[in-house]
Amino acid sequence: MNTMLGQKQGLLRLVILTLAVFFLACSGRGKKAEEIDNRPSFYSKLSSITDLSVTISTDYDQLIYNKGEDEDIYQEATMTVFNGSEARIISNVLIRPRGVTRRSLCDFPPLMIKIQKKERKKLDIKKSDNIKLVSFCKDDVNFGNLVMKEYLIYKLYNILTDTSYNVKLAHVTVKDTLNNIKISDQFAFLIEPTDDMARRLGCIYDEKDSSPVKKIHKEQYKNFVVFQYMVGNTDWNLSGRHNIRMLECNSINGPKPVPYDFDYSGLVNAGYAKPHPMLPIKKVTERLFQFRGPAKEDFSATYTTFKLKKSEFYAVINDFPHLDKNMKSEMISFLNEFYTNISNPEIMMAEIMKVRKKK
């Protein structure tokens with residue numbers, strides 16, 4: 001009798017254990033399903049609009065006051081998104097000034113746009129990093145041209161590699177809600193959030209990555225360095241991850257560097273842009289090959305890649321409708337110098353050694 005009772009109790013315990021494991025497994029599958037959010041992000045919603053226009057309505061005086069503060073202060077704004085003349089999205093957002101030089105220089109600084117949870121729910125979009133808006137800085141056509149040239153540099157890097165930030169051109173109007181006036185309207189562009197880019201590429205963004213040069217994806221790093229040399233950009237630093245994001249893309253070859261912020265490049269040639277005083281150049285239109293690796297590193301395959309992309313690079317500039325012929329000609333002339341240099345091994349060896357001579 002006791003034996004039969006013991007068998008029944010053992011069987012009961014087995015059934016309970018089996019059910020517990022089953023429900024735990026189901027719970028785990030449910031949790032994983034919840035974590036996979038297939039809804040679009042706010043950036044992807046905006047980038048899918050063909051003729052994108054954006055109106056940002058906010059307290060302009062407060063925005064200008066906040067750009068002088070050391071801390072990041074968000075303020076409320078209304079963002080109306082149009083496809084041509086048709087209003088598609090009206091959303092309450094938070095904005096704050098961003099950047100360093102342009103934050104202090106600009107009448108209308110670059111912005112960080114933040115979408116809160118209740119707005120994400122209303123728009124049926126997933127949680128994502130904040131969106132950077134690169135604005136026109138001042139109500140002046142010359143500053144507008146600088147923004148357009150920086151936009152084109154992102155498009156050039158898109159031609160070189162998919163491991164790059166997508167950007168979306170938009171006509172942006174700024175309205176002051178306090179005084180009920182229009183501040184300005186010009187073209188600007190939105191930068192794809194880093195987590196959006198990582199998801200698109202099937203990669204992971206590691207904010208704490210500190211891999212040394214020898215551990216970084218070699219081919220991607222060489223493309224990165226030569227591209228920065230091509231556009232004349234020295235406003236980056238690998239050790240401090242200045243203007244660089246590192247993506248881990250399940251590669252045994254190491255993380256891939258992705259550049260951003262090109263307003264200090266020679267191809268843009270902004271009046272406020274100056275090289276870092278520690279660099280052996282006096283102006284941003286002087287190129288500097290900032291390769292950190294063996295002086296005799298073979299770049300022949302990398303140079304060939306750039307030569308093969310030359311016609312595509314030039315088409316990005318020549319086919320762009322928002323710069324005049326003279327501006328495009330200046331940009332092409334600057335790139336022609338790059339192609340002359342990489343076709344001469346002696347010039348490039350001297351360029352590689354130049355940065356090593358400066359302590």
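A disulfide is a pair of cysteine sulfur atoms within 2.5 Å. This predicted model holds two of them. Counting the bonded cysteines along the chain, the pattern is 1-2, 3-4.

**C203 and C249**

A disulfide also joins C203 to C249, at 2.1 Å from S to S. Its S-S torsion is 105°, and the link is right-handed. Here too the pair links distant parts of the chain, 46 residues apart. C203 lies in the loop between helix 7 (194–201) and strand 8 (204–205). C249 lies in the loop between strand 9 (244–248) and strand 10 (256–259).

**Accessibility of the cysteines**

Are these cysteines buried or exposed? The cut-off for buried is under 20% relative accessible area. The values are tabulated below.

| Cysteine | Relative accessibility | Class |
|---|---|---|
| C106 | 2% | buried |
| C137 | 5% | buried |
| C203 | 11% | buried |
| C249 | 17% | buried |

C106, at 2%, counts as buried because its value is under 20%. C249, at 17%, is also under 20% and therefore buried.

Definitions and conventions: Residues are numbered from 1 along each chain as its sequence is written. This is a predicted model: local features need pLDDT of at least 70, side-chain atom pairs count only at pLDDT 80 or more; totals for chains, interfaces and linings use all residues. Side-chain values use heavy atoms; hydrogens and water are left out. Buried means under 20% relative accessible area, exposed over 50%, partly exposed in between (1.4 Å probe, protein chains only). Helices (H or I, at least four residues) and strands (E, at least two) are DSSP runs, numbered from the N terminus.
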